[in-house]
2 protein chains.
Amino acid sequence: MRALLASLVLLAAVARADEGMWMPQQIPDLAPRLAELGFKGDAKAFADLTGQPMGAVVSLGGCSASFVSADGLIATNHHCVVGALQVNSTPERNLLEDGFVARSRAEELWAGPGSRVLVTTSVRDVTEAITGRIDPKLSDAERGRLLERRVKERTAACEKKPGIRCTVASFFEGARWYELAQLELQDVRLAFAPPGNVGNFGGETDNWMWPRHAGDFSLYRAYVSKDGKPAPYAKENVPYRPAHHLAVSPKGAAEGQLVFVAGYPGRTQRLRTLREVTEQMEWSYPRTVRRNREMLQLLDALSKDSKETKIRVSARVRGLANSMKNREGVVEGASRGGLLQVKAAEEQALVAWIAADPKRQAEYGAALPALDRIQAEKERTRERDATFEALAQGSGLFDAARTLARLAEERPKKDLDREPEFQAREWPRLKEKLERLEKTYDPKADRALLRYALIEAAALPQGQRIAPLDEAVGLAAGAPAEESARRIDAFLDRLYAGTKLQEKATRLGLLDATPKALAARHDAFLDLFAALRPFERQLEDARYAREGARSRVAPVYARALLAKAGGLVAPDANRTLRVTYGVVKGVSPRDGLVYLPQTRLAGAVAKHRKGDAEFEIPAPVLEAMRAQIARRAGPYVDAKLGDVPVDFLSSVDTTGGNSGSAVLNDQGELVGLLFDGTYETIASDFLFDREATRSIQVDSRYLLWFLSDVAKATNLLDELGARVGTAVAP
Amino acid sequence: MRALLASLVLLAAVARADEGMWMPQQIPDLAPRLAELGFKGDAKAFADLTGQPMGAVVSLGGCSASFVSADGLIATNHHCVVGALQVNSTPERNLLEDGFVARSRAEELWAGPGSRVLVTTSVRDVTEAITGRIDPKLSDAERGRLLERRVKERTAACEKKPGIRCTVASFFEGARWYELAQLELQDVRLAFAPPGNVGNFGGETDNWMWPRHAGDFSLYRAYVSKDGKPAPYAKENVPYRPAHHLAVSPKGAAEGQLVFVAGYPGRTQRLRTLREVTEQMEWSYPRTVRRNREMLQLLDALSKDSKETKIRVSARVRGLANSMKNREGVVEGASRGGLLQVKAAEEQALVAWIAADPKRQAEYGAALPALDRIQAEKERTRERDATFEALAQGSGLFDAARTLARLAEERPKKDLDREPEFQAREWPRLKEKLERLEKTYDPKADRALLRYALIEAAALPQGQRIAPLDEAVGLAAGAPAEESARRIDAFLDRLYAGTKLQEKATRLGLLDATPKALAARHDAFLDLFAALRPFERQLEDARYAREGARSRVAPVYARALLAKAGGLVAPDANRTLRVTYGVVKGVSPRDGLVYLPQTRLAGAVAKHRKGDAEFEIPAPVLEAMRAQIARRAGPYVDAKLGDVPVDFLSSVDTTGGNSGSAVLNDQGELVGLLFDGTYETIASDFLFDREATRSIQVDSRYLLWFLSDVAKATNLLDELGARVGTAVAP
């Protein structure tokens with residue numbers, strides 16, 4: 001009876017999801033909880049970034065990934081290699097549609113400029129170096145600039161080692177700072193990607209949705225120079241041999257199984273104040289949803305007229321649609337889950353906890369009111385500030401002008417004096433951006449989006465005007481909308497007629513130009529940005545002042561939160577390496593409905609619709625699936641499902657940036673790749689929901705089955721040690 | 001071990017749904033199966049239409065219902081009393097929106113013209129009387145007319161008894177004929193209806209969907225003259241005292257429970273041939289979907305311009321949308337379930353079974369080829385025939401003209417010589433239709449829909465033209481569409497300018513007019529129909545010939561099917577009284593997804609959205625729900641759910657017409673009201689899916705909770721014997 005009781009208690013504890021995108025070094029402290037969940041391994045292993053399994057976990061910059069062979073093969077999501085597929089596609093050979101299989105290493109395709117693999121090799125606490133000994137008499141803006149300078153200095157010192165990329169990042173609202181060093185491999189090649197309607201099966205319709213049937217997997221390979229050093233792409237480079245790689249499990253994931261996810265989650269905002277979150281929910285997110293919807297309508301209309309335009313804006317369309325659906329999901333989930341009410345109650349409890357003790361009151365009491373004041377000041381000009389930012393976001397030419405002008409301004413300075421965005425370490429990325437515009441620039445779309453932003457600028461209220469823009473275009477507060485639109489159109493006629501920035505040679509030729517040389521060109525876009533630059537500088541000053549002010553009190557607020565919680569707390573995600581754990585399991589997202597934890601090939605076939613751009617499975621894949629379903633047996637069949645599993649749900653705590661993350665079983669084997677979260681849990685970026693949160697992963701068996709039965713990629717299966725009938729290499 | 005095995009076998013048998021909308025007299029033969037499912041009652045009771053429980057089951061004509069008190073209270077769906085709510089609504093008092101509760105019998109509201117309650121009192125086999133001794137030399141058309149005449153004769157003889165309405169209906173494709181006698185109660189009054197956003201909660205969005213949270217219940221009461229006889233509405237009438245009524249169970253339905261549904265399912269087509277079903281799937285249903293969508297767009301555009309129009313076309317819009325969603329669901333479900341492939345295999349097996357035995361071949365061999373020929377002949381002119389029918393369906397004025405002209409033509413005949421549609425027994429209904437037009441006629445909508453039909457007529461191919469229409473409008477095969485449209489518009493100008501049929505007094509004044517009197521009016525619509533009448537007569541002749549031909553072979557085909565099945569088979573639904581049984585249970589409608597069998601108040605509250613026309617729960621209801629959810633206890637709380645249950649799924653076999661049907665537990669108590677099927681099972685009208693079929697019912701506890709906690713209708717609860725704390729009257 002006592003044993004039964006104990007196991008019941010355990011079950012109740014296990015049943016709920018645990019919050020936390022943990023720093024690897026925090027995992028050893030979680031050992032008791034992991035043991036409770038049945039973990040028999042050594043939790044300390046996760047803290048060793050150069051050991052197994054963490055040594056195999058990498059970043060692609062925006063996506064996560066992991067080494068899966070001794071010869072540098074890397075598993076990630078299909079949606080993380082879309083850029084590589086785009087770069088290597090031609091009108092005759094559409095890799096986005098058809099996928100790609102390298103039958104030998106010689107066939108592997110360079111992933112293109114900007115592609116890289118980052119292997120975190122060390123994490124050091126630099127809190128004292130960043131925040132120690134600051135003159136209390138500094139102004140807010142001076143304080144902000146000092147912190148930034150210290151970050152730049154540490155970064156530069158860390159990057160002295162060749163082939164190393166460093167990040168100094170704030171944790172717990174600036175209460176802690178860590179320096180992360182990453183080995184940067186620059187020659188990345190595509191080894192395998194499934195057809196688009198496997199990797200992205202279900203498209204926008206299924207995005208964030210369950211049940212899901214996407215084969216969102218692909219394989220890269222990292223290359224280095226012959227002497228084993230990171231090097232730019234060169235034909236004669238050789239495969240990188242990582243110290244560690246993960247075994248791809250042919251057993252996949254089963255319901256109830258404990259899994260770990262190691263990767264690079266982007267941003268969460270769970271430690272933000274009520275007032276900050278309220279702005280996101282009630283102003284910023286709804287605004288993004290509205291703007292993205294309107295911009296998508298503009299791009300959709302233009303795409304209908306031109307296939308060329310459609311291709312050029314496809315990545316942007318996908319980005320706008322994705323963030324729109326995300327924001328909508330967050331706002332909806334927040335409203336459903338009563339996010340603001342919960343936040344309000346939590347904040348009230350914190351205030352009461354602080355007030356209950358004079359010592360606490362003295363230490364923490366001023367922080368929250370100060371944060372609220374800073375936020376209120378920010379909100380005063382938010383329409384104007386967001387509208388100004390939208391200019392560069394909307395127009396590739398405006399962004400190019402800004403990049404060239406800012407580079408010209410910053411280049412003469414010492415590197416440590418430059419704005420971080422324009423330090424020498426960023427120059428290759430900036431150059432690549434100016435190159436990439438060649439593929440994504442569409443004159444009609446560029447102009448339509450810039451026009452959209454200008455119409456917004458024209459409608460700004462008195463007191464939030466962008467004066468130099470008003471002057472350049474001829475706008476004024478309160479002017480009739482039609483009159484403004486007419487002036488904007490006339491201005492855009494002049495603007496696009498008076499620029500040469502749409503020419504790649506021009507853009508690249510100006511990369512090293514001086515401000516004077518730029519001015520002498522009388523390029524309309526460069527002139528426009530020059531006119532706006534003093535205004536942008538004001539915004540920068542305000543931002544430094546805000547960040548300086550925030551850095552005085554936000555860490556105090558975070559320390560109060562941590563002290564009140566009284567135990568282990570995971571910091572908000574900030575694009576650094578994290579580990580989360582959870583259990584493979586379904587969920588009831590709504591009354592009367594249950595999501596089962598796994599899907600299977602038969603479900604993919606049931607969704608197949610001939611002629612449907614999102615749901616038409618390519619004929620050979622469909623045929624192989626049908627044959628497999630009929631067979632009901634084979635090395636990748638899940639006995640319980642009687643079919644090859646496709647995707648699965650787990651209660652791990654992840655967010656954007658975790659895409660491509662290795663999902664590990666308690667043996668440290670790769671059992672899946674994380675690629676999404678369910679729509680119901682998007683709001684977890686703000687408030688973790690222990691009942692409803694679910695991430696979506698593709699099962700390793702689907703990858704292996706696809707390589708075996710569809711791609712017939714025996715070379716890759718052999719390398720993964722996963723060829724049918726052979727044992728998996730440890 | 002043996003016992004375990006036996007129970008496993010039993011479980012497997014129980015797990016699947018049983019096909020069959022059974023005739024009550026078939027139920028005793030199902031006793032062994034019912035015992036297997038745990039039924040401990042007497043299956044023979046279902047065959048006694050004048051006993052308990054069947055004596056309590058009634059039809060509302062199009063909907064099903066049941067007596068639930070000794071004083072004639074009737075439980076049915078909210079969506080079955082919409083007409084009564086409409087008739088009794090005023091601009092000041094919108095019952096559709098607010099619902100209605102009669103606090104005393106004096107407050108009960110007449111349900112309006114056309115409302116009636118039909119109690120089936122006997123079912124007699126009249127196969128010999130209808131199909132016996134037919135001269136084999138009759139032509140197909142003569143045979144068709146003879147069968148119709150015999151049906152009319154039997155009906156007339158049966159209806160000699162006062163207050164009795166009779167139906168002579170074909171079963172098993174005309175292999176059997178039954179005469180059903182029904183007591184017709186004409187004074188029906190509304191006792192209770194919930195607000196629209198309870199009864200129809202979720203609107204079109206949730207229609208056919210699960211999870212569902214509709215409180216689709218309402219209460220009528222039947223009245224009779226003081227001497228207990230059926231009588232038209234009169235204030236001094238008294239409540240009807242049915243011989244039997246159902247106890248409304250305060251225990252509702254639980255997962256795994258055996259339930260019976262008794263009601264009047266409309267039409268299924270499971271015994272149809274492959275070729276007949278193929279036409280439905282590939283031509284008729286897709287055509288309806290396309291046409292309804294286009295007509296809805298027309299009506300939607302007109303409704304945007306005018307609130308008046310919106311109200312007038314609301315019932316039609318709902319009808320078009322509902323049948324569109326139904327047809328789409330059938331086609332989608334049929335495609336997903338491989339309906340045509342299954343049908344083809346079944347038909348092939350039947351042909352092989354027949355061919356395997358010379359005696360069978362001699363008896364059945366000719367039937368299927370003959371049916372295929374009849375169907376092929378029908379398909380030859382289907383575009384034309386369907387387009388002609390659409391004229392009256394589209395335009396209320398055209399339909400009125402047709403009704404008046406046909407009445408004038410038929411009235412001089414002896415009643416038995418009249419077309420069934422225009423026999424004396426139908427006159428009140430026809431008059432009501434002409435009266436009702438006053439509420440639904442909208443000149444713009446009427447013209448738009450007639451124009452839509454005429455555009456279709458203009459596009460008919462050579463060889464399928466409607467010659468008198470071509471002549472009247474000036475259309476010709478192959479004419480340019482723009483030219484046709486111009487002529488149609490000019491014709492419509494003349495048509496609507498030249499009619500007075502939009503005036504109620506004119507329509508009703510012509511109810512007794514002679515053909516000559518109608519012609520003398522020179523009303524444009526009457527003249528148009530007169531010009532088309534000879535053509536319509538040709539269509540009628542073709543229909544009689546087809547039905548005559550079919551009546552020779554369809555019964556043979558059905559007998560072959562029955563002989564091959566070798567056991568009990570339920571006939572297709574034909575609007576007569578049926579009983580079906582099943583189990584309360586969930587289902588997995590798609591890979592990765594499970595529908596739980598029950599929903600609850602908390603799920604309704606979670607769907608509530610302020611400002612959403614379909615999902616805004618009225619404030620007092622919402623408040624009561626929230627209080628109940630917080631309380632977690634009370635007489636109607638389901639212990640397992642910890643909440644008041646709302647709707648539930650069961651595997652009973654039902655279709656349109658079953659709406660409002662009593663759902664009985666094995667004690668014969670009412671545990672719910674059936675109101676819908678799930679979208680995934682709509683195709684069951686053609687092929688029953690033993691795995692996926694689910695009907696949707698509202699739990700009796702939601703009704704009782706609503707009457708108690710929201711409506712505070714103690715008078716009704718007392719009458720139901722279900723007032724909190726009191727025992728339920730047996």
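Here is a short chat about the two chains of this predicted model.

Visitor: Hi! Which strands form the open sheet in chain B, and in what order?
Guide: In chain B, 7 strands form an open sheet, in the order β13-β12-β18-β19-β20-β17-β16. The pairing is antiparallel.

Visitor: Which strands stand at the edges?
Guide: Those are β13 (578-583) and β16 (598-600) of chain B. Each has a single partner strand, so one side of each is left without a neighbour in the sheet.

Visitor: And by how much are neighbouring strands turned against each other?
Guide: By 30° on average, with direction ignored.

Visitor: How do β12 and β18 of chain B pair?
Guide: Strand β12 (residues 258-263) and strand β18 (residues 662-664) of chain B run antiparallel, paired over 3 bridges. Within that pair, Phe260(B) stands opposite Leu664(B).

Visitor: Which helix lies across those strands in chain B?
Guide: That would be α26 (residues 700-710) of chain B, which lies across β16, β17 (645-650), β19 (670-677) and β20 (695-699) of that chain. The helix runs at about 35° to β20(B).

Visitor: OK, over to chain A. What order do the strands of its open sheet have?
Guide: For chain A the order is β13-β12-β18-β19-β20-β17-β16, an open sheet of 7 strands with antiparallel pairing. At its edges are β13 (578-583) and β16 (598-600) of chain A, each pairing on one side only. The twist from one strand to the next averages 30°.

Visitor: Which residue is the bridge partner of Phe260(A)?
Guide: Leu664(A), in β18(A). Strands β12 (residues 258-263) and β18 (residues 662-664) of chain A run antiparallel and are joined by 3 bridges. Helix α26 (residues 700-710) of chain A packs on the sheet, and its direction makes about 35° with that of β20(A).

Visitor: Now the place where the chains meet. How many residues does each chain give to the contact?
Guide: Chain B gives 15 residues and chain A gives 15 residues. Between them the two chains bury about 1300 Å², with 56% of it on carbon and sulfur atoms.

Visitor: One last topic: how many residues sit between the strands in the hairpin of β7(B) and β8(B)?
Guide: There are 4 residues between the strands, and in this hairpin Phe172(B) takes a positive phi near 50°. Strands β7 (residues 164-171) and β8 (residues 176-185) of chain B pair in the antiparallel sense over 8 bridges. Ser170(B) has Trp177(B) as its bridge partner in β8(B).

Note on methods: Residues are numbered from 1 along each chain as its sequence is written. Chains are lettered from A and ligands numbered from 1 in the order in which they are written. This is a predicted model: local features need pLDDT of at least 70, side-chain atom pairs count only at pLDDT 80 or more; totals for chains, interfaces and linings use all residues. Side-chain values use heavy atoms; hydrogens and water are left out. Two strands pair if DSSP finds at least two bridges between them. Helices (H or I, at least four residues) and strands (E, at least two) are DSSP runs, numbered from the N terminus. Axes are lines fitted to C-alpha atoms, for helices over the stretch in contact, and angles run from 0 to 180 degrees between N-to-C directions. Contact means heavy atoms within 4.5 Å. Buried area is the accessible area (1.4 Å probe) that two parts lose on being put together, summed over both.
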